[in-house]
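Subject: Structure handover and notes

Dear colleague,

I am passing on the structure we spoke about, and my notes on it follow below. Please read them with the model open beside you.

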Amino acid sequence: MSSCDSSKLLHDYAYYIEKIDKHTVPKTNLKIRDMINCGECKEDFCDFNLYSHQIQVINKLEQGKNVILTASTGSGKTEAWFLYVIRKIQGGNSNYRALVLYPTKALTNNQADRLYRYMNCLGLEVNRVGQIYSGKLVRYDGDTSRKKAVSSSLHKANIILTNPQMLFFNIRTIPKPNLIVIDELDFYDSGSATALVELLRERYPNSQFAIIGGTLSNPQDFPKDFEFITGDSNRPEHRYYIVIGKENEVRDLYQKYESKLSQPPYYVSNYEDFKKRIYEIYYQSILNNDLDLKNGIYDIITHQESFIEDILKLYKQCKGEITIGFFSSIDYCERYSRVLGVPAHHSKIRKSMREKIEDELRNGNLNMVFTVKTLMQGIDIGQVKRIIHVNIPLLVRDFLQREGRKGRRENIDFTESIIIPLFFDARIKNFNTLKAWISIKPESLIYNPDNLYVKLVKAIMKVKEEPDLSKLSKLEQDLLSIAGFIKDNQLNLRRINNFAFYNFESPRNTVIYIDNEKPIEIDKVSLKEMIEYYQIGSIDIANKGIVTEIRRTPLNELRKTQYHYQIIEKPYSEAINDTECIREGVDNYRIIVEKWRDKEPSLYPDFELDVELGKIRSKVKVNVYFTGEGFVKYNELPEKVIWYIESRKRIPIKKNEKIKEHVYLSDVVELKCKTYPTTKGYTGFTYAYAYEIAPLDGIDIGMIFLLTALRLKYGVRLDLITFNITGNLLKVWETSPTGLLEKMREGNLILNNEKLDFQTFSEYLRNVKVDEKFETLFYTLYPVRGVDFEKARKVALYLAEKLFKIARIRSKVVQTSLDNNVIVYDSLLIGDKQYTALTYYYLGREEVVLVSDSFRDASSKLLEIISSKIDDVEDIKILTTSPIPDKVLKLINVKLRDLRKEYKEKEGIDISPSDFSDEITKKELELDNLLHERKISENEYIHKVKELFKLRAEIIQGIARYLDEKK
């Protein structure tokens, strides 16, 4: 197939290109007609030669095995299980039945059309009226299940196509299958994928399973009765184009500065070298304060809408092939769709219209489509030759899914990816950085049958079929109560029947961009998205604006207790002038840069420039509130917006008057803007834990170092685990429930074929190399450079001790009453207030005295207790796990035992009292929740603080006795 070639189409544009050679996978000599009786079928598919992985799947299934097939796009994954089903039917088992689950209706419909053509050609009784399939092939979902032709065909169908949501609503109506196929399992998060497989295995214990995926990186972690098969497919030569700007403008700029560019520090060898390195040359020009060159490049590579329109327009002429343009938001997609007359395919387009677009693409009546996400997963729309990325997505996974849409036909001579950057992006400063980014191994699917979310799903399905509380186990009843499905010992059947497999939240909050008093609606976002990304002070790089205001309005006149929000964005300059808290943030940014000028005089504050360069990034710090630990119900709320600031150039760091190294400097500005909502935020269920941490500097970079190491060694998604630091309390939770945090505490999980325990992981933390891959992942979570990675490594090792609960595993510390001659000195930061307590035993009970921050108050209270409350003054001891100010120690003359130091020397672990008591953690979480809710009096709150310190003192006494026994 010969067609458009971007090297010719883009002759008026400057770009750099990288070619990837054609990839050939030899096929076997066996054709499909050698495996099944094609009879008079004239379809081309009967003469396709099979890949070896297809034959392996058929053979394993015929041996009665369960299989997992992971193979690339266009490798015939569907045909593998389909041929097995046809062989069963043609072998005499005319009632053989396969239940096939697809993640979306769109993918179901796409596959139904394909299977209908195959089965019809093979002479099987199949009927189709529009999107209604009946007879031996049934499409059974929310759009078709009520049709008589469908319901009457269920028990005679050989293949039933459905989705998990339909399964949850109507599992009782589906007849028992011989084979269950779960396609695109990697579409789901880990908890949902495990729940789906486990539910079906429990309900149909005698059925065979075939699990299909394109990016399953750890199938060996699935149940041991699955056979793992990998496959590949032929791929044509591929060409990456990264578009820089207009050819004449880029060449004119090069010629203007050719002499300068050939010399240090640029060392540009020729025009082609200039194009390939234009982004790094831009950064170098800033470091050199070469404003003319910097401004020239900036004008070229900051693309206006008309520039993008002109490039997209070129590909409308490419007939006989398909070009898919991917955009970052529905607003951008619609904007270019309307201007260029190219159909848009996204979640806000009516389903019937999306299906019409898909049909026209397959039939060759349409050659170009714009989308956001709806065409990323699995849908085969024919001769896709080219993907255009109008800016690349944040996640590698999303990029690979976009790329997987092209080259699915063997007659395509080559494929193309056109990347049009919207702003500066370090991932595409040259092709090597892009290649390093996309070469990182896909994330693992954490298959954990012990996950309580999986057990909750099973319990929901159980009561759907038989709503009787007495038939449920105690665990199932507890889980349903946590989830709100049981109240006052009664099942809430309405909520149970409405339970959705997909945790989808309707995007009903509007983002409005106001420029020169002209409001434009640019997007709609969910409450969770608003909480995490759209708070006052959040910087929207794509729209070149800052959120300046959030307005809350009733959903409608009839539902005044329910609200939606209008999120107002304005251009940078207007936002700075209009909003006081943002203006204060910019003032603090200027103070930081002015301080840096002491070390590098060429630096100067320029807020808008630093935002454009990605030197200022915003992040919403969120917090979750929950009771207890483990599988919990949580309330997620925004806490504050933080700006991360990085110097524009590396600064020389001196040691002993000599320059040791050049590093980027970084700092943060915490905005004092109001956040929304304030009380009731996004609620859900997940695994969450809390840990008491020492007042160390760099907890955030230590956690990110730890998460990056988990991603590299075990394939754990970077966004699976998140955290919040409030006072001495580190809260860690999973963004979707997998039970990974629980398994880390137990230390018995095999993930990515590696044991995930403290010994294995801590050894990896000590030795992992901070290379380009590590830094790429790390800076996905931490937005500015200049990090001291060795410091981050040390903190990560400390945090690993906490997450794996090593202190409790190694030591049998028990809560115990205080000795008569003991005073426990304890200090804790609760919220933003430091509390110090003295606990002692007097008149048959333990007393707690809170002291102020003043060392004189602490000293006088200690002396008072020693002189009047302790019987055995001669042998008095002060026990502590908190640092005591030197000034206090000088004023008292008693024996001090620093138990944290003693334990560290004895066991090699840094401890806190909560490491040995879940009750302490529970009380610390309760105080954290009360601080947020502000529903009790100050006296009641202080009483609870004292209760906490009393319990902590008893654990501290237990630590002392444990250490005494070890002597």
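A disulfide, meaning a pair of cysteine sulfur atoms within 2.5 Å, joins Cys-41 to Cys-121, with an S to S distance of 1.9 Å. The torsion about this S-S bond is about 110°, so the disulfide is right-handed. The link connects distant parts of the chain, since Cys-41 lies in the loop between helix H2 (32–35) and helix H3 (52–62) while Cys-121 belongs to helix H5 (residues 105–121), 80 residues apart. Helices here are DSSP runs of H or I with at least four residues, and strands are runs of E with at least two, both numbered from the N terminus. Cys-41, at 4% relative accessibility, counts as buried, whereas Cys-121, at 23%, counts as partly exposed; buried means under 20% relative accessible area, exposed over 50% and partly exposed in between, with a 1.4 Å probe and protein chains only.

Before going further, please note that this is a predicted model, in which local features need pLDDT of at least 70 and side-chain atom pairs count only at pLDDT 80 or more, while totals for chains, interfaces and linings use all residues. Residues are numbered from 1 along each chain as its sequence is written, and side-chain values use heavy atoms, with hydrogens and water left out.

A search of the whole structure finds four disulfides. Among them is that of Cys-4 and Cys-318, whose sulfur atoms are 2.1 Å apart, and with a torsion of about -110° about the S-S bond this disulfide is left-handed. Cys-4 sits in the segment before helix H1 (6–9) and Cys-318 in the loop between helix H14 (305–314) and strand S12 (322–326), so that the pair links distant parts of the chain, 314 residues apart. Cys-4 is buried with a relative accessible area of 14%, and Cys-318 is buried at 0%. Another disulfide is formed by Cys-38 and Cys-46, with sulfur atoms 2.2 Å apart; the torsion about its S-S bond is -100°, a left-handed link, and both cysteines are buried. When the bonded cysteines of the protein chain are numbered in sequence order, the pairing reads 1-6, 2-4, 3-5, 7-8. Cys-333 is in no disulfide, and the nearest cysteine sulfur, that of Cys-318, is 19 Å away; Cys-333 counts as buried, at 0% relative accessibility.

Turning to the strands, S7 (residues 159–162) is covered on both faces, with Ile-159 and Leu-161 buried on one side and Ile-160 and Thr-162 buried on the other. Strand S3 (residues 98–101) pairs with S7 in the parallel sense over four bridges, pairing being counted where DSSP finds at least two bridges between two strands. Ala-98 has Ile-159 as its bridge partner in S7. Strand S6 (residues 137–139) is joined to S7 by three bridges, again running parallel, and Val-138 stands opposite Ile-160.

In strand S37 (residues 877–880), Lys-877 and Leu-879 point one way and Ile-878 and Thr-880 the other, and all are buried. Strand S34 (residues 822–830) pairs with S37 in the parallel sense over four bridges, and Ile-823 has Ile-878 as its bridge partner. S37 is also joined by four bridges to strand S38 (residues 895–898), with which it runs parallel, and Lys-877 stands opposite Lys-895.

In helix H20 (residues 474–482), Glu-476, Leu-479 and Leu-480 are buried. Seen down the axis of H20, the buried residues fall within an arc of 95°, so they line one face of the helix; the arc is that of the directions from the helix axis to the C-beta atoms. These residues pack against helix H19 (452–465) and strands S17 (486–487), S18 (490–491) and S25 (630–646), where contact means heavy atoms within 4.5 Å.

Leu-480 is also, with Leu-740 and Phe-778, among the residues with the most contacts inside the largest nonpolar core, which has 140 residues. Such a core is a set of buried Ala, Val, Leu, Ile, Met, Phe, Trp, Tyr and Cys residues joined through side-chain atoms within 4.5 Å.

With best wishes
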